Amino acid sequence: MHHHITDSDRQLTATMESSAFRRTAVIARHLDSSNSTSDKSVSPSSCLQITSPDQIESAQFDTALMRNLLDGHDLEVRDWVFRLMEESELFRFRKLDGRDYVFPDYQAPMEQQREITLQRILYLVSKGVSDGWLSWKGKEGEMRNLAIFDCLGLYDHSLGVKFGVHYFLWGYSVLFLGTKRHHDKWLNDTEKYEIKGSFSMTELGHGSNVRAIETITTYDPQTREFIINTPCESAQKYWIGGAANHATHTVVFSQLLINGENQGVHAFIAQIRNKNGKVCPNVRIADCGHKIGLNGVDNGRIWFDKLRIPRENLLNSLSDVMPDGRFISSIDNPDERFATLLAPLTAGRVNIPSNAVYVSKLGLAIAIRYSLTRRAFSISPGDEETLLLDYPSHQQRLLPLLAKTCAMSFSINRLKAIYVNRTPATTKSIHVYSSALKASITWNNMRILQECRETCGGQGLKTENRVGILKGEYDVQSTFEGDNNVLMQQVSKALLGEYIKTQKLKKPFKGLGLEHMNNHFPIIPVNLTSSIITTSEFQMDLFCLRERDLLTRFASQVSELQAHGESKERAIIQSYQLASELGRAFSEKVILHDILEAERAQPVGSLKDVLSLLRTMYAMVSIEEDASFLRYGYLSQNNAAAIRQEFTKMISKLRPHALAIVKSFGIPDSFLTPLAFDWVEANSWKALYKQK
């Protein structure tokens, strides 16, 4: 078979030869010993010197005021907790490049990590960190707790989780699900960490679907005791933080069977170890083993072999069992009862995204500082090598993520405010907002940590530089306290419920930020200009248009499937693609709204200008990353191209503010790594000798 050479073949060959020639020329120039840059590189006086970006790049806005906005509350408490950790050898890693660094030794064996995590909690408790944790009065105390938890999680996820399991999950269960008899017996010892609580909800066979857990509790009226039993292997409690080594007590979530009738999931207090640390009779515990992260938390598995507990150990704020075995409840409807049971435990879905935002800040602070000291390649022969962050491609990798993280900070602050001001009427909105933000922000955190790892090059692989190891440490956030994909489906389902209710009652939308759907459809200009693209009005119109259209499409598809004989639940499941897009649209509109509110609250000046820049950058990167804007025609191809062009301009405008923004995060230098400062000195032979 003969191959005839065509003109296109010749053109391709010429192109390949030309490309090969250019690559060869570049390599030759780097290798040429007569090249001026080569002479410069071997000169002793030209050895690489790290110049601190703090000496070169000055802030154009008030970084202290920006920190006030981003942190939102309790700055003095945060700084106090940071100092407590800096002052103790329990928290220090080692001295490098002349600095003491404060972060855990991730290379320590699992048992050692678990033990030192326990010692760190005992130290913090001795310093008063947990004082008033469960006995505060008013919203201020609860906000203080949230601020402290941010700081602990920023130091080490294992510390935050182990502390949080005891004080939030166990402690808040006793506080909010229990009554005076439980408070009097357990809260004081919990606050002082004299008992160590855990939270037994998840089972081997059931995680997100709590209503279907298989642990069974019955009541014996003769002895006035409950009997907790693990009836099958899939009912074993799994991933129970603290259970493997240290927990003395646990809140057991179980089906309650009274006279053969299932009254649904209830919560019970059970002791699982005595004061000497020995596992109690009729309780079996096994270790979950080594994990890809969080190895400072002793996750365990628990089986109950007809464990008897006093009748009084039922957490009875909603339901109770009388001594004679009669079941009573203040809420007759089992669905409402179950929702009310879980509502007070929403703190987890507030804490997790807040923690994720701070870890994103940590990764970005390290990666951006490194990119302001690391140089690579000279753009012209004889020139100094170029800083990584002065490459437009490097800016595009990090700066939009910086804008996202700042925007998400404002949403976290709003979520915290909604949570601490909760009432029965706000239960649904807290569930929807916390679910949406938990999913969006934890997914974003993993994306940021990966990008930070890559932008740090080979140094990102080194454990002591943190950005790489943090990926494994925080990966679990995507699935615990609710799988992110399931949470997003719940968000879309809640929005669908509002849509159906509004259509049925012929009333305007009210709540969940859907009021914009009472107005006319937003009109997007045919030809977008720079002056239009950067306005908050255009950005909100576009985001509202997307949410409105996707909700309408979702409702129509579900309705159409039902018309063809599908049940409502199956119709929703089959519409998962639209549900996923709607969840994203809702989350991103909420976040845009929150940074816009923060911007509007500022007087005219440099800080307001930077917030405006961050808000526009957030809107644009969200548009860039979501195909919905083109798929459903919210933007024409020309308008999408105009936004990309403006996006590129915005990135270069944000570049001068990068260092000042990460300094506004309020993270102590000691919590960063050598990569953020003099990484040459930290890797010197002298530093190696000092470590030995």
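A polar contact is a pair of N or O atoms within 3.5 Å; within protein, one must be able to donate a hydrogen and the other to accept it, and residues adjacent in sequence count only if both atoms are side-chain atoms. This is a predicted model, in which local features need pLDDT of at least 70 and side-chain atom pairs count only at pLDDT 80 or more, while totals for chains, interfaces and linings use all residues. Residues are numbered from 1 along each chain as its sequence is written, and side-chain values use heavy atoms, with hydrogens and water left out.

**Exercise 1. Describe the interface of domain 2 and domain 3.**

Step 1. Start with the bounds, which come from an automatic or database domain assignment. Domain 1 covers 63-177, domain 2 covers 197-335, and domain 3 is made of 342-375 + 385-671.

Step 2. Now place the two partners: the centres of domain 2 and domain 3, taken over C-alpha atoms, are 37 Å apart. Seven residues from domain 2 and eight residues from domain 3 take part in the contact (heavy atoms within 4.5 Å).

Step 3. Turn to buried area, the accessible area (1.4 Å probe) that two parts lose on being put together, summed over both. Between domain 2 and domain 3 this comes to about 580 Å², and carbon and sulfur atoms give 71% of it. On the domain 2 side, Ser-208, Ile-292 and Leu-294 supply 63% of the area buried against domain 3, more than any other three residues.

Step 4. Finish with the polar features. One residue pair is in polar contact between domain 2 and domain 3, both at pLDDT 80 or more. The side of domain 2 that touches domain 3 has five nonpolar residues (Ala, Val, Leu, Ile, Met, Phe, Trp, Tyr, Cys and Pro), two polar (the others, Gly among them) and no charged ones (Asp, Glu, Lys and Arg). Zero salt bridges are found across this interface; a salt bridge here is a side-chain nitrogen of Lys or Arg within 4 Å of a carboxyl oxygen of Asp or Glu.

**Exercise 2. Work out which parts of the chain Lys-663 and Asp-54 tie together.**

Step 1. Recall that side chains of opposite charge can pair when their charged atoms come close. The structure holds 44 salt bridges, and in one of them Lys-663 meets Asp-54 at 3.1 Å, N to O.

Step 2. Locate both ends, using helices (H or I, at least four residues) and strands (E, at least two) as DSSP runs numbered from the N terminus. Lys-663 lies in helix 22 and Asp-54 in the loop between helix 2 and helix 3, so the pair ties together parts that are 609 residues apart in sequence.

Step 3. Check accessibility, where buried means under 20% relative accessible area, exposed over 50%, and partly exposed in between (1.4 Å probe, protein chains only). Lys-663 is partly exposed at 40%, and Asp-54 is partly exposed at 32%.
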